[in-house]
Amino acid sequence: MGIFSSGFSRICAVAPIAVLLAASPVAAQPYPEREVTLIVQGSAGGGSDIIARTIANIIQQENLLPNRILVENRPGGGGAVGYNFVAQRKGDPYFVGTIGSSFFTTPLLGQSPVSYKDFTPIAAIAEDPYVMTVKAESPFKSLDDIKEAASIRIGTTGVVTDPGLIGAQLRDALGIEVRAVPFGGDGEVLAALLGGHIDVQFGNPSEVLSQVQAGSLRAIAVSSAERLPTLPDVPTFTELGQDIVVTQLRGMVMPLDVPKEAVAFWEEIMKKVAESDGWKKDYIERNGSLPLFLDSAAFAARMPEQSAMYEAYMKTVQAIK
């Protein structure tokens with residue numbers, strides 16, 4: 001009896017602990033448990049690729065991520081290929097993606113199965129203006145020279161992009177023919193310009209600045225409201241009498257239905273990147289970008305406004321009805 005009583009007492013003492021352990025969920029592993037893939041919707045060497053790799057490098061240098069971040073290019077379809085790839089990873093917090101103007105314009109054209117509504121906004125981190133460039137040997141040295149031309153060929157990465165819209169504005173303002181030649185990515189547009197296959201590129205500073213500084217390209221005008229510190233001698237379109245101010249919103253998104261803690265994690269990562277000296281020097285200053293930070297909520301509020309702006313703009317140039 002004593003033995004039974006003693007054994008029973010031990011069982012009763014252990015039982016509550018066993019029940020408690022059985023009822024408790026297994027402790028969740030902290031996010032992220034493994035490497036994260038950053039999808040770039042443009043080709044290597046383009047503006048989206050440069051900003052993605054700059055972000056990845058700063059994350060690595062500042063030890064902001066416990067695991068590796070992999071950068072993967074998925075160009076094509078005016079960004080649709082890359083955007084669709086990310087959107088299909090619904091609920092998966094191990095994929096993030098960059099955005100450009102095609103994030104809004106390609107869906108409006110009906111050429112993408114996904115729109116901004118199919119993503120979780122993380123943060124916007126910069127705005128990039130455009131630099132109108134020609135090959136150094138080009139006869140075009142000013143807008144007046146271009147006005148005298150019967151037509152020019154410009155490179156674009158989709159049916160409707162910021163460069164295409166700037167080209168349409170110049171077409172109407174200068175009364176010239178502007179022929180848009182499509183390419184798979186901004187890097188290909190630059191190669192075509194250097195190869196003499198097109199006449200003009202409207203490139204982000206990150207894409208063309210080094211070529212301008214090296215003397216391979218000539219900058220004619222910039223699309224920001226004010227001159228860029230990196231190109232102080234290049235006038236704005238406004239200075240040249242053309243009402244053209246166009247900048248590209250840069251940011252990061254994730255698929256829908258990802259855990260809230262993953263969104264908060266990346267929002268904080270992007271904030272640290274935006275505040276880092278490396279970002280200010282290696283991207284903003286070096287590439288002539290405009291500094292900006294919008295958190296997840298502010299970025300989400302900006303998206304429908306941005307889409308509406310492009311929609312109105314595209315209707316003006318009769319790209320859509």
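Visitor: In which loop is Asn63 found?

Guide: Asn63 is found in the loop between H2 and S2. Helices (H or I, at least four residues) and strands (E, at least two) are DSSP runs, numbered from the N terminus. This is a predicted model: local features need pLDDT of at least 70, side-chain atom pairs count only at pLDDT 80 or more, and totals for chains, interfaces and linings use all residues. Residues are numbered from 1 along each chain as its sequence is written, and side-chain values use heavy atoms, with hydrogens and water left out.

Visitor: What is the phi of Asn63?

Guide: Most residues other than glycine have a negative phi, and most peptide bonds are trans. Asn63 has a phi near 55°, a positive value in a residue other than glycine. Asp257, in the loop between S10 and helix H9 (260–275), also has a positive phi, of about 60°, although it is not a glycine. As for the peptide bonds, the one from Tyr31 to Pro32 is cis, with omega near -5°. Pro32 has its place in the loop between helix H1 (2–23) and S1.

Visitor: Is Asn63 buried or exposed?

Guide: Buried means under 20% relative accessible area, exposed over 50%, and partly exposed in between (1.4 Å probe, protein chains only). Asn63 has a relative accessible area of 66%, so it is exposed. Asp257 is exposed too, at 56%. Gln306, in helix H11 (residues 296–316), is buried, with a relative accessible area of 5%. Not counting residues up to four places away in sequence, Gln306 touches Phe104 and Leu249; contact means heavy atoms within 4.5 Å.

Visitor: What is the strand order of the six-stranded sheet?

Guide: Two strands pair if DSSP finds at least two bridges between them. The open sheet of six strands has the order S2-S1-S3-S10-S4-S11, with mixed pairing. Its edge strands, each pairing on one side only, are S2 (69–73) and S11 (290–294). Neighbouring strands are turned by 20° against each other on average, direction ignored. Axes are lines fitted to C-alpha atoms, for helices over the stretch in contact, and angles run from 0 to 180 degrees between N-to-C directions. Helix H2 (residues 47–61) packs on this sheet, and its direction makes about 170° with that of S2. Within the sheet, S3 (residues 95–99) and S10 (residues 247–255) run antiparallel and are joined by three bridges; Gly97 has Val253 as its partner in S10.

Visitor: Which strands does helix H8 lie across?

Guide: Helix H8 (residues 205–214) lies across S5, S8 and S9, running at about 115° to S8. These strands form an open sheet of order S8-S5-S9 with antiparallel pairing.
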